Amino acid sequence: MKTFWSIFRIAVIAVISLYLIEKLSGVAEGEWAIIQHPVLILVWLGIALFMTAIEVSIASLRRLLFHTLSDEAKVKYLAAEEIRNEKFTGRFKKLYHRLVDSKPVEKEGEILLDHDYDGIKELDNNLPPWWLYGFYISILFAIIYMLRFHVFDGKQQDEEYQMEMAKAALEIEEYKKNAKDLVDASTVVVLTDPADLNTGKSVFETTCAACHRADGGGGIGPNLTDDYWIMGGDIRDIFTVISEGGRPGKGMIAWKNDLSPLQIAQTASYITTLYGTNPADAKDPEGELYVKDGDSGEQATDTETIDSAESESVSEVEQ
Ligand code: HEC
């Protein structure tokens, strides 16, 4: 009995100290501190060893003291210990009997029913209380459940599900707002916040203006203010060119190592604001006419621009 409790105490302390080591080490959730820092295993083993040493010393001290007792006192001591153990196990036994409530074998005669099938006899035991109370509790549960969900209109599972989905959708929205850097070419949209456009402008003027001119009119790189785009004029296309670069050998490198996804989105958005600014002596259009998809109103003005672009080149030839 004593050895059992010693081992029990050592085990409890070991578990608690492992828990504290994991909690206090500040390692990210889901990681094991003792795996990331194996020294901690030594610390933990040290604690367990220390506990074991204490338990062993106490046990031998007890034994030593026991031997110093007189014979009479020894008998008394053992008897007292016996009573203590009895009390402890007695409590469990009592609880067990109360929960099972079966007749001991020697008293089974009292509850034997009088039918007998080929030697198979039946006892009339009380229903085991653990089972009976479980049954009562389930009845109570059923009543409360029925009242709550079918009489007083508690939330049904599917409603709860819908509510949680709606809440999650809001949280995702919120998260996306705070995580602008998560954009890529498939999710990018034109940013309209002046702060974003300002950052885009300063990136453009410091990094891109050398080839595209500060006003976007074009130089080594194409004109970014007109309707003609080599790589496509949609915000997603512009994002892709900036991130991945233009056609090989043309001079437009991939900027994804120098600019964050957010900066690329900001710069791309800034470029869309240059559209139609008609800067003085801009570069001639290059690439194909870009028409915003699904917008026939735009198309009309686009066609006009082709005409004017064509007439411009005609007038240039004339000159
Ligand atoms: C070294 C010169 C150079 C620099 C610097 C440069 N570009 Fe370019 N850019 C080019 C060239 C050349 C092209 C044409 C690529 C092609 O023809 O494939 C181009 C193409 C583009 C296009 C596509 C235009 C179209 O018609 O489809 C965009 C958008 C663009 N650049 C944006 C930027 C941005 C934003 C920066 C700054 C982060 C930048 N560029 C920096 C030279 C440059």
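Predicted model: local features only at pLDDT ≥ 70, side-chain atom pairs only at ≥ 80, totals over all residues.

User: How do H7 and H9 sit relative to each other, roughly parallel or roughly perpendicular?
Analyst: H7 and H9 are roughly perpendicular, because their angle is about 90 degrees and 65 to 115 degrees counts as that class. Their axes, lines fitted to C-alpha atoms over the stretch in contact, are 7 Å apart. Angles run from 0 to 180 degrees between N-to-C directions.

User: Ok, which residues of H7 and H9 meet?
Analyst: From H7, Asp 196, Leu 197 and Phe 204 are among them, and from H9 the list includes Gln 263, Tyr 270 and Thr 273. Contact here is C-beta atoms, placed from the backbone, within 7 Å. By class, this contact of H7 with H9 has four nonpolar, seven polar and two charged residues. Ala, Val, Leu, Ile, Met, Phe, Trp, Tyr, Cys and Pro count as nonpolar, Asp, Glu, Lys and Arg as charged, and the others, Gly among them, as polar.

User: What about H8 and H9, at what angle do they cross?
Analyst: They cross at roughly 125 degrees, with axes that come within 9 Å. That makes H8 oblique to H9, oblique being whatever is left once under 35 (roughly parallel), over 145 (roughly antiparallel) and 65 to 115 are taken out. Their contact has eight nonpolar, three polar and no charged residues.

User: Switching topic: what's around the ligand?
Analyst: There are 25 residues around the ligand, and Cys 208, Cys 211, Gly 221, Gly 246 and Met 252 come nearest. A residue is near if its C-beta atom, placed from the backbone, lies within 6 Å. The shell has 16 nonpolar, seven polar and two charged residues.

User: Which helix gives the most to that shell?
Analyst: H7, with six residues. H7 (194-212), H8 (235-244) and H9 (261-273) each supply at least two.

User: And the domains?
Analyst: The chain is divided into domain 1 (2-69) and domain 2 (194-296), with bounds from an automatic or database domain assignment. Their centres, taken over C-alpha atoms, are 66 Å apart.

User: How do H1 and H3 cross?
Analyst: H1 (residues 2-24) and H3 (residues 39-68) cross at roughly 155 degrees, and their axes come within 10 Å. That makes H1 roughly antiparallel to H3. Their contact divides into 12 nonpolar, three polar and three charged residues.

Note on methods:
Residues numbered from 1 in each chain as written. Helix = DSSP H or I, 4+ residues; strand = E, 2+ residues; numbered from the N terminus. Contact = placed C-beta atoms within 7 Å.
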